[in-house]
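Visitor: I have a structure here and some terms to learn. Please walk me through them.

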Amino acid sequence: MHIRALFLSVWEFVVGDDWRTALGVVLALALTSLLAETAISAWWLLPLAVFGLLALSVRRAAREATARSEVARSGSD
Amino acid sequence: MSGAETGLVLSVFLACAVEAVEALTIVLAVGTTRSWSSAMTGVGAATLLLAVIVAALGPALTSLPIDALRVVVGGLLLIFGLQWLRKAILRSAGLKAKHDELETFKGEVEAARAAGTRRPGFDGYAFTVSFKGVLLEGLEVAFIVLTFGANQHRIPLAAAAAALAIVLVIAAGLAARAPLAKVPENTMKFAVGVMLSSFGMFWGAEGAGAHWPGNDAALLGIIPAVLVVANALAWSLRRATLPSDEPAMPAEAGDRGTVSA
């Protein structure tokens with residue numbers, strides 16, 4: 001029980017409330033590493049991925065916030 | 001001081017200052033309502049624990065091979081930085097409540113009063129709330145001190161920047177004798193998010209084997225690029241959430257939510 005609670009605390013601390021972004025960062029780093037093994041320049045991949053991940057994360061959170069406020073508004077009507 | 005060291009000092013200082021402001025509010029509330037000595041004992045115990053965490057994990061991190069260290073640190077900084085940035089963008093668009101120190105202070109004072117009458121001597125409530133508040137706010141700072149410091153083998157410099165921020169916030173709190181409600185927390189969090197994401201991107205890519213054009217000078221392009229993208233996202237979100245027949249929301253004094261270069 002304590003180990004589970006500790007794991008959940010660490011997960012919450014590191015990953016936060018958006019696991020998709022964390023997973024995306026890990027995948028982007030792995031892809032950069034693979035690309036760096038080839039003759040192609042690899043530096044551009046991470047910025048592109050990070051900007052895309054940030055935009056998607058913000059969009060998701062904005063949708064969720066809007067949906068929550070609409071539910072709250074319809075509940076108060 | 002090199003550019004990377006300046007970035008280290010700035011990032012740690014800003015992150016630590018903003019977390020210290022939040023911790024100060026909690027300590028002030030329980031200190032004034034319950035017991036100053038117990039609250040300060042909680043602060044001391046949490047600070048000691050944070051120092052032990054930094055002292056224990058620092059050497060472990062710095063002993064990693066440089067490429068592995070940069071991938072791990074870069075990845076973690078990116079995950080952290082993107083969280084800070086996303087929340088700051090949502091706050092600036094009005095989709096997430098801004099941190100209001102006065103409201104937090106009132107809530108903590110009410111909770112402290114509702115926790116029952118205080119007996120003379122050691123107050124467990126004041127100790128626990130202060131300890132938890134400082135530890136939770138401080139963990140993120142300890143993490144930033146460790147990652148930034150370990151990557152450049154300058155943990156003492158990062159710790160000094162954090163200590164300076166804490167001293168300044170405490171001095172400001174003592175001078176104001178109130179929560180530091182006028183500190184532009186969202187702007188500071190936005191700036192920290194930009195710095196963490198930029199350095200995370202730089203070190204992560206380098207650790208993964210990529211070579212930035214211009215080496216360290218690439219940071220001079222990465223930081224403004226992250227700033228521009230984050231500001232553009234905040235701007236577009238504000239526009240999307242504003243009703244079309246209403247004028248733009250009045251800007252909050254001292255906390256517009258975004259920063260300029």
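Visitor: Why are α2(B) and α5(B) called roughly parallel to each other?

Guide: First, this is a predicted model; local features need pLDDT of at least 70, side-chain atom pairs count only at pLDDT 80 or more, and totals for chains, interfaces and linings use all residues. Residues are numbered from 1 along each chain as its sequence is written, with chains lettered from A and ligands numbered from 1 in the order in which they are written. Now the angle. Helix α2 (residues 36-62) of chain B and helix α5 (residues 124-151) of chain B cross at roughly 25°. Angles under 35 degrees count as roughly parallel, and over 145 as roughly antiparallel. α2(B) and α5(B) are therefore roughly parallel.

Visitor: What is the handedness of the crossing of α2(B) and α5(B)?

Guide: Right-handed. In such a crossing the near helix is turned clockwise from the far one by less than a right angle.

Visitor: What makes α3(B) roughly antiparallel to α7(B)?

Guide: Helix α3 (residues 66-92) of chain B and helix α7 (residues 185-207) of chain B pack at about 150°, with axes 6 Å apart. That angle makes α3(B) roughly antiparallel to α7(B). The crossing here is left-handed.

Visitor: How many residues does the contact take from chain A and from chain B?

Guide: Chain A gives 28 residues and chain B gives 29. Two residues are in contact if their C-beta atoms, placed from the backbone, lie within 7 Å.

Visitor: Which helix gives the most to the side of chain A that touches chain B?

Guide: α3(A), with 12 residues.

Conventions
Axes fitted to C-alpha atoms, helices over the stretch in contact; angles between N-to-C directions. Helix = DSSP H or I, 4+ residues; strand = E, 2+ residues; numbered from the N terminus. Parallel < 35°, antiparallel > 145°, perpendicular 65-115°, else oblique.
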